[in-house]
Amino acid sequence: LPLLGLVVGLAVGAVFFMQQMFVTGGGIALFGVGVGMLLRMAFTYPRGRFAEGHVRNLVAQVKVSAVRPIPVRLTGTVIGRGIPGLYWGDDLVVQDDTGFMLMQYRQPIGILEMLFGLFRAESFIGQKVVAEGWYRRAPIPYLELWKVRLPNGEVHTCHNWGFAIVGALLLTGLGLAGGLLGLIGGI
């Protein structure tokens, strides 16, 4: 969708590029990319309610992929890391009464994931958690985390989704501002 937004933005902006109004045309193209990113985010990170789920029921779902997730809330015990023995590994495995599943901990900056793996992930093992996120398959089933609630009330949030939305909104706003300023200034 961002690429499609760029193509549509460039097609609309071509009229302005031909008139030597490069700021206007570039702003329209940037606006198209931003709108495409927002549409992709709405599809790949559906917000709505995170319904209570179980591993067995999730794995049985057929129409799930990395692009088409199911927003879900899993309650279970963290039984280990995604890659056993990898002491800086940030991914965890949660087990409920019906099975177990990988939980993918994603942050916008990779070093934050490694720091979590080094200093925090071990403390999750053995604890009963409530994990909210998006169930996906690519190629294995996993839960991309949004929030994890610990028994002591701590909530750990993955900010990847939020940063992606902010980035898409910034691109859309910059494109709109550039296009309008270019039209006003004739550039």
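**Close-up views of a predicted model**

**View A. Contact between helices α1 and α2.** In α1, the residues Pro2, Gly5, Leu6, Gly9, Leu10, Val12, Gly13, Phe16 and Phe17 meet Phe22, Thr24, Gly25, Gly26, Ile28, Ala29, Gly32, Val33, Gly36, Met37 and Arg40 of α2; contact means heavy atoms within 4.5 Å. By class, this contact has eleven nonpolar, eight polar and one charged residues (nonpolar: Ala, Val, Leu, Ile, Met, Phe, Trp, Tyr, Cys and Pro; charged: Asp, Glu, Lys and Arg; polar: the others, Gly among them). Helices (H or I, at least four residues) and strands (E, at least two) are DSSP runs, numbered from the N terminus.

The model is predicted: local features need pLDDT of at least 70, side-chain atom pairs count only at pLDDT 80 or more, and totals for chains, interfaces and linings use all residues. Residues are numbered from 1 along each chain as its sequence is written, and side-chain values use heavy atoms, with hydrogens and water left out.

**View B. Axes of α1 and α2.** The two helices pack at an angle of about 160 degrees, and their axes are 7 Å apart (axes are lines fitted to C-alpha atoms over the stretch in contact, and angles run from 0 to 180 degrees between N-to-C directions). α1 and α2 are therefore roughly antiparallel (an angle over 145 degrees).

**View C. Gln20 in a loop.** Gln20 lies between α1 (2-18) and α2 (22-44). Its phi is positive, about 65 degrees, although Gln20 is not a glycine. Most residues other than glycine have a negative phi. With 54% relative accessibility, Gln20 counts as exposed (over 50% relative accessible area, 1.4 Å probe, protein chains only).

**View D. A cis peptide bond.** Ala138 and Pro139 are joined by a cis peptide bond with omega about -10 degrees. Pro139 is in the loop between β5 (128-137) and β6 (141-149).

Notes
Buried < 20%, exposed > 50% of the residue type's maximum accessible area, 1.4 Å probe, protein only. Parallel < 35°, antiparallel > 145°, perpendicular 65-115°, else oblique.
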